[in-house]
Amino acid sequence: MTRTRLSPVQPRFSTVVTTVTVLVVTSLYGATGAAAADDPSVPPGSEATASAPVELDPNDPDLKLPDGATLAEPKVLDIKQVVEEQSGDERREDTNAEVTFALQAEVLFGKDSAKLGSQAKARIGTIAEEIKNQNATRIRVFGFTDNLGSSAHGDVLSRKRANAVHTILGQELNDPGVTYEVRGYGEQYPIADNSTEAGRKKNRRVEISFPRTAS
């Protein structure tokens with residue numbers, strides 16, 4: 001009897017979905033807490049976007065607060081969904097507040113180049129369509145490199161690449177009401193391990209992020 005083996009079909013995308021975390025007591029007044037600032041010099045993080053659905057009694061003895069301490073304002077942390085192509089060429093992050101596309105530099109540019117090819121322009125055009133669908137008027141375009149070569153060279157190259165992507169987005173959107181933040185971060189803020197080539201490849205990227213339309 002002849003047995004036939006079926007090869008599993010590999011999906012194009014692998015999806016990682018983080019769980020929802022509700023942060024009810026964030027900190028105690030009297031202690032120094034970190035607050036996310038709306039500063040274009042730092043890539044956007046996961047800011048709180050809604051009030052916590054649970055009301056607490058600050059006088060409840062079960063909270064066991066130190067003498068003189070009170071509850072800080074509660075908040076709900078974002079839900080984040082990350083979808084990445086198996087090749088790693090493209091990564092998409094969705095939160096309650098924002099959409100971010102991370103495109104590997106090799107997909108967009110030649111080696112040590114900031115010149116976009118026709119396929120790269122078409123991909124950026126697709127992202128521009130989603131920006132239109134979200135009615136976003138504030139767009140961030142950030143360039144990054146790995147840690148090879150000099151830091152100064154990485155800073156310059158990442159900025160040139162971010163500028164190139166910004167130019168195509170501007171042409172595709174053609175909307176004077178849209179504002180852009182364009183920056184080159186060089187080797188800062190890696191998303192993968194720079195000790196391997198696979199990790200460095202992911203770190204050589206341009207990110208396009210914009211606010212999500214409230215549903």
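Biologist: Before I look at any side chain, what is the mean pLDDT of the protein?

Modeller: The mean pLDDT is 76, and 66% of the residues reach 70 or more.

Biologist: Where does pLDDT stay under 50?

Modeller: A general idea to keep in mind: where pLDDT is low, the predicted coordinates should not be read in detail. In this model, residues 1-40 stay under 50, and the model has 52 contacts beyond four places in sequence for them. Residues 44-52 also stay under 50, with 19 contacts of that kind.

Biologist: Okay, on to the fold. How many helices and strands does the protein have?

Modeller: Four helices and nine strands. Walk along from the N terminus and the elements read β-β-β-β-β-β-α-α-β-α-β-α-β.

Biologist: Let me try single residues. Is Arg140 buried or exposed?

Modeller: You compare the relative accessible area with a cut-off, and under 20% means buried. Arg140 has 10%, so Arg140 is buried. This arginine is found in strand 7, which spans residues 138-144.

Biologist: Which side chains make polar contacts with the side chain of Arg140?

Modeller: Glu98 is one of them, at 3.4 Å. Glu181 is another, at 3.1 Å.

Biologist: Now Arg200. Where does Arg200 lie, and which residues does Arg200 touch?

Modeller: Arg200 lies in helix 4, residues 197-203. Its relative accessible area is 15%, and therefore Arg200 is buried. Leaving out residues up to four places away in sequence, Arg200 touches Asp146, Asn147 and Leu148, and also Asp193, Asn194 and Ser195. There is a polar contact too, between the side chains of Arg200 and Glu197, at 3.3 Å.

Biologist: What about Asn133, buried or exposed?

Modeller: The cut-off for exposed is over 50%. Asn133 has 61% relative accessibility, so Asn133 counts as exposed. You'll find Asn133 in helix 2, residues 118-133. Asn133 and Thr213 are 80 residues apart in sequence, and their C-alpha atoms are 8.6 Å apart in space.

Biologist: Last topic, pockets. What is the volume of the second largest pocket?

Modeller: The idea first: rolling a probe the size of a water molecule over the atoms shows where empty space is left. Here, the second largest pocket has a volume of about 320 Å³. There are 17 lining residues, and those closest to the centre are Asp112, Asp146, Leu157, Arg161 and Arg204. Asp146 has already come up, as one of the residues that Arg200 touches.

Biologist: Which elements give two or more residues to that lining?

Modeller: Helix 1 (105-108) and helix 3 (151-173). Helix 3 gives the most, with four residues.

Biologist: And how does the lining of the second largest pocket split by class?

Modeller: Seven of the lining residues are charged, six are polar and four are nonpolar.

Definitions and conventions
Residues numbered from 1 in each chain as written. Heavy atoms only, no water. pLDDT = per-residue confidence, 0-100. Contact = heavy atoms within 4.5 Å. Buried < 20%, exposed > 50% of the residue type's maximum accessible area, 1.4 Å probe, protein only. Polar contact = N/O pair within 3.5 Å; in protein donor to acceptor, adjacent residues only side chain to side chain. 1 Å grid on protein atoms, 1.4 Å probe; cavity = no way out; pocket = protein on both sides within 12 Å on 5 of 7 lines; lining within 4 Å. Points joined across faces, edges and corners; volume = space filled by probe spheres on them. Nonpolar A, V, L, I, M, F, W, Y, C, P; charged D, E, K, R; others polar.
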